[in-house]
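Q: I am new to this structure and would like to go through it step by step. Could we look at it together?

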Amino acid sequence: MNIHEYQAKELLAARGVAIPSGEVCDSADRARDIASALLAGGDTLVAVKSQIHAGGRGKGTFKSGYKGGVKLFKTAEEVHAGAAAMLGNVLVTKQTGAEGRLVNKLIVAGAPAIEKELYLAVLLDRVTSRPVIMASTEGGMDIEEVAAHTPEKIFKESVDPAVGLMPYQARRISVQLGLRGDLISQGAKLIAGVYRTWLETDAALIEINPLCIIKGGDGKLKLVALDAKMSLEDNALFRHPDLQGLRDLAEEAPLEIEASKFNLNYIKLDGSIACLVNGAGLAMATMDIIQYFGGRPANFLDVGGGASKEQVTAAFRIILQDPNVKGILVNIFGGIMDCNVIATGIAAAVKETGMKLPLVVRLEGNNVVAGKKTLAESGLTIISGDSMADAAKKVVQDVGA
Ligand code: ADP
Ligand code: MG
């Protein structure tokens with residue numbers, strides 16, 4: 001589950017990570033008031049930042065033509081105008097896709113003079129099965145680009161989960177980031193705070209890009225997290241009732257929300273062949289074989305090992321709501337799954353929705369004879385596939401590549 005920058009910053013600030021002073025709001029008037037207070041408090045520039053679950057906002061463009069989802073202003077009136085241009089409008093960045101995201105909230109924050117932009121992230125390293133801290137002197141740009149062109153500018157510190165992050169490790173990263181003097185201990189404290197936030201929230205990723213060296217009003221250099229991207233591990237959310245409320249349904253695809261209500265693993269894609277499969281591995285293989293025969297999958301859908309008739313019906317309803325779907329491939333290998341449960345669910349769903357699209361079904365395994373009988377007696381036009389390849393070929397033929 002992804003959360004917004006302002007939510008991530010609250011979690012980080014609560015654990016001692018320095019962030020620019022500011023507030024979140026959802027109206028231009030409120031943005032102006034926050035800006036007035038910041039300017040009166042000594043800030044000379046104010047940042048207005050669109051809150052969407054996507055990066056690249058700074059270089060993004062609104063569908064209205066307004067440029068920039070993150071902008072700096074000198075006066076409260078400019079902030080008011082900027083906020084009015086962003087709120088209620090759709091921001092397109094290179095991470096949102098062409099459809100963009102509607103901006104409902106803004107951060108209005110002090111914009112200190114930036115001396116240098118750095119990069120810091122905490123995530124899980126799948127190779128070592130350990131948390132890893134990643135840092136780079138090249139902040140403010142895509143870390144993928146840095147990794148591709150100047151990998152020597154990325155530093156990694158692997159954390160032993162039994163011992164936790166050691167102070168010397170946080171200091172080592174600070175030094176590698178080029179911090180000197182008092183900034184080394186500020187860096188070590190900030191890194192420890194980010195790591196603790198990651199650990200305590202069961203986060204999958206925290207990325208601070210940019211982490212900035214700024215010059216404070218007193219002329220002293222300070223380290224602050226100017227941006228924060230955070231995603232929480234869905235499988236651990238049950239341990240955090242307080243964090244579950246951070247979910248923003250407006251940021252999620254409506255069909256995926258519907259699917260999660262029925263405990264279905266559904267991810268919408270942009271092809272024309274819907275698939276309904278049991279097991280994530282088989283679902284991946286099904287998408288592959290559809291592509292192999294020249295088709296394009298409309299979704300990933302794993303109904304799980306022990307799906308009920310209600311879940312299968314719901315799954316059907318969900319895949320049929322996608323207007324791009326021109327045909328359906330059901331690929332079930334019944335182990336725990338009873339083929340007849342799937343067949344009953346399919347028959348009910350097709351009747352309920354009045355579906356007329358080509359439906360190719362490949363059933364195999366547990367109680368398959370009863371399942372095939374249910375489908376045959378249902379009176380529906382169902383094309384049966386003898387094998388996975390046969391089923392994929394048939395659905396691609398019927399839909400047309
Ligand atoms: P995104 O990564 O989505 O483009 P960022 O929060 O990183 O959004 O903002 C883009 C750029 O805007 C940053 O790299 C930084 O240069 C500038 N910026 C962001 N927030 C502030 C701020 N509070 N003060 C000054 N500059 C900022
Ligand atoms: Mg950023």
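Q: Which residue in strand 6 is the bridge partner of T61?
A: The bridge partner of T61 in strand 6 is V92. Strands here are DSSP runs of E with at least two residues, numbered from the N terminus, as are helices (H or I, at least four residues). This is a predicted model, in which local features need pLDDT of at least 70 and side-chain atom pairs count only at pLDDT 80 or more, while totals for chains, interfaces and linings use all residues; side-chain values use heavy atoms, with hydrogens and water left out. Residues are numbered from 1 along each chain as its sequence is written, and chains are lettered from A and ligands numbered from 1 in the order in which they are written.

Q: How many bridges join strand 4 to strand 6?
A: Two bridges join them, and the strands run antiparallel. Two strands pair if DSSP finds at least two bridges between them.

Q: What is the order of the strands in that open sheet?
A: The order is 4-6-7, with antiparallel pairing. Strand 4 (61-62) and strand 7 (101-102) are the edge strands, each pairing on one side only.

Q: Changing topic, which protein atoms are donors of the magnesium ion?
A: The protein donors of the magnesium ion (ligand 2) are N209 (O) and D227 (OD), at 2.1 to 2.2 Å. Donors are N, O and S atoms within 2.8 Å of the metal (3.2 Å for Na, K and Ca), and water is not among the atoms, so sites may look incomplete.

Q: Where do N209 and D227 lie?
A: N209 is in strand 12 (residues 203-215), whereas D227 is in the loop between strand 13 (221-225) and strand 14 (229-232), so the pair ties together parts 18 residues apart in sequence.

Q: Is N209 buried or exposed?
A: N209 is buried, its relative accessible area being 15%. Buried means under 20% relative accessible area, exposed over 50% and partly exposed in between (1.4 Å probe, protein chains only). D227 also counts as buried, at 19%.

Q: How many residues of strand 12 are buried?
A: Eleven of its 13 residues are buried, so described as mostly covered under the cut-off of under 20%.

Q: Which strands are joined to strand 12 by bridges?
A: Nine bridges join strand 9 (residues 113-125) to strand 12, four join strand 12 to strand 14, and five join strand 12 to strand 13. Each of these pairs runs antiparallel. I206 in strand 12 is the bridge partner of V122, and the partner of I206 in strand 14 is M230.

Q: What do strand 12 and strand 13 form?
A: They form a hairpin with five residues between them, and G219 in the turn has a positive phi of about 85°. K215 has L221 as its bridge partner in strand 13.

Q: What about ligand 1: how many residues surround it?
A: There are 18 residues around ligand 1, and the closest are K49, R57, G58, E117 and D227. A residue is near a molecule or strand if one of its heavy atoms lies within 4 Å of it.

Q: How far is an oxygen atom of ligand 1 from an N or O atom in the side chain of E117?
A: That distance is 2.6 Å. For the side chain of K49, the distance from an N or O atom to an oxygen atom of ligand 1 is 2.7 Å.

Q: And how many disulfides does the structure hold?
A: The structure holds zero disulfides, a disulfide being a pair of cysteine sulfur atoms within 2.5 Å. The sulfur of C275 is 17 Å from the closest cysteine sulfur, in C339, which is too far for a bond.

Key
Polar contact = N/O pair within 3.5 Å; in protein donor to acceptor, adjacent residues only side chain to side chain.
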